[in-house]
Amino acid sequence: MPNRSAGAASETTGRPFRLPAPRRTGAPGEHSSETTARLRPVPADPTPDEPAAPFAPAAQGTTTTRPAAPPRPAHQPSAPSAPVTPDPALSWSATRPLVSFGEPEGYDGDARPRPLGRRGASQAAAAAVCLVLGLGLISGAVTGSWLVGDSGAEGSPSSFAAAGSLWHSVPVDQLFPPTVQGRGAGPGGADRTWTRIAVAPDSGCKDAFDPLLRKALAPVGCDRLLRATYTDATESYVTTVGLLFTTADAPGMTALANRFRKERLDRRSDLMPLPYAAKGTPAAGFGAPQRASWTVSVLTEAPVVVYAVSGWADGRTVDDPQPAGDAVEADATTAAAQAGLGNEAQGLADRVERDFRRNVRSASEQPS
């Protein structure tokens, strides 16, 4: 029979040495005939106040107490078998942004958010400034419409009557100044200077207009006609500007203005005004065939029709005259437009009309 102890020794050759596991109290001791090692029970961790005993192997047949495990370092993770508790400092709830409910927001005219039900001091001040500026712009527009010639606004009855009598109460130099400055009136915004070279005696309207234009103006009548002819600084162009004082009332002038606008009578070449050609001046040869551009403006706040007609000072004839409103356009290609004759007629008529309106204001403001 083989020796069991010798076989056991040979079976354990090469195995790692293990200390005998401590046995629980009351458990039977290991028998020499057992060929397998018993599993050691894992006791619970000692309490913090329980002292740790030094490690020593237990003698066979005796009961020993398992020493307490040394405290783990703070930086080592917990054992896998123990439940893991997250650190509150590393939780997302500890670092998430604080959300609070504020005042509801609305949106202004520029789609910018603003709190509802509340207006800051700066907004109130800005609103007040806008109100003041708006009133100023409105009053300025009313005054400007009178100065620059807005024929859509009627003046007061007193100013309308005063305007009709200016032909004999205002000096000619105020109606037709000897020199007229036209800043920005030329092509491309160039400045212009016009010098008066002739003034026609005040007269009626007989032979002053072509038959078709005389017929178009007949509904408002003719009280007086004043005319003057100007030339530019180079004496290359000549322009006649006229003031026709009518006998019509305000509704009659409004009706004529509406007809000119709707039927575009101011654009018809067969309704061009006639120039005033004065002998011994650069305008001596300025007749009907020399007319190159023109403009006609029917006022509604005064019984007056303002017009101007321009041409070359050298007496050349024009086969394709063009209304000033078209000749001043940037894409106009006619000879009159390229020479700037539309600017001559329009610019001079605008400034004479502006001076006339100033005279009307001065006359209506004088005490009666």
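## Disulfide link

A search of the whole structure, a predicted model, finds 1 disulfide (a pair of cysteine sulfur atoms within 2.5 Å). Cys 205 and Cys 222 form this disulfide, with their sulfur atoms 1.8 Å apart. The link is right-handed, with 80° about the S-S bond.

Cys 205 lies in the loop between strand E4 (192-203) and helix H7 (211-217), and Cys 222 in the loop between H7 and strand E5 (224-231), so the pair ties together parts that are 17 residues apart in sequence. Helices (H or I, at least four residues) and strands (E, at least two) are DSSP runs, numbered from the N terminus. Cys 205 is buried, at 13% relative accessible area, whereas Cys 222 is partly exposed, at 30%. Buried means under 20% relative accessible area, exposed over 50%, and partly exposed in between (1.4 Å probe, protein chains only).

## Nonpolar cores

A nonpolar core is a set of buried Ala, Val, Leu, Ile, Met, Phe, Trp, Tyr and Cys residues joined through side-chain atoms within 4.5 Å. The largest has 27 residues, of which Phe 209, Leu 217, Leu 225, Leu 244, Met 253, Phe 260 and Val 298 touch the most other members. At least two residues of this core come from each of H7, strand E6 (237-245), helix H8 (250-263), strand E7 (293-298) and strand E8 (304-312). H8 supplies the largest share, 5 residues.

A second, separate core of 26 residues includes Leu 243, Phe 245, Val 304 and Ala 345.

## Basis of the values

Residues are numbered from 1 along each chain as its sequence is written, and side-chain values use heavy atoms, with hydrogens and water left out. In this predicted model, local features need pLDDT of at least 70 and side-chain atom pairs count only at pLDDT 80 or more, while totals for chains, interfaces and linings use all residues.
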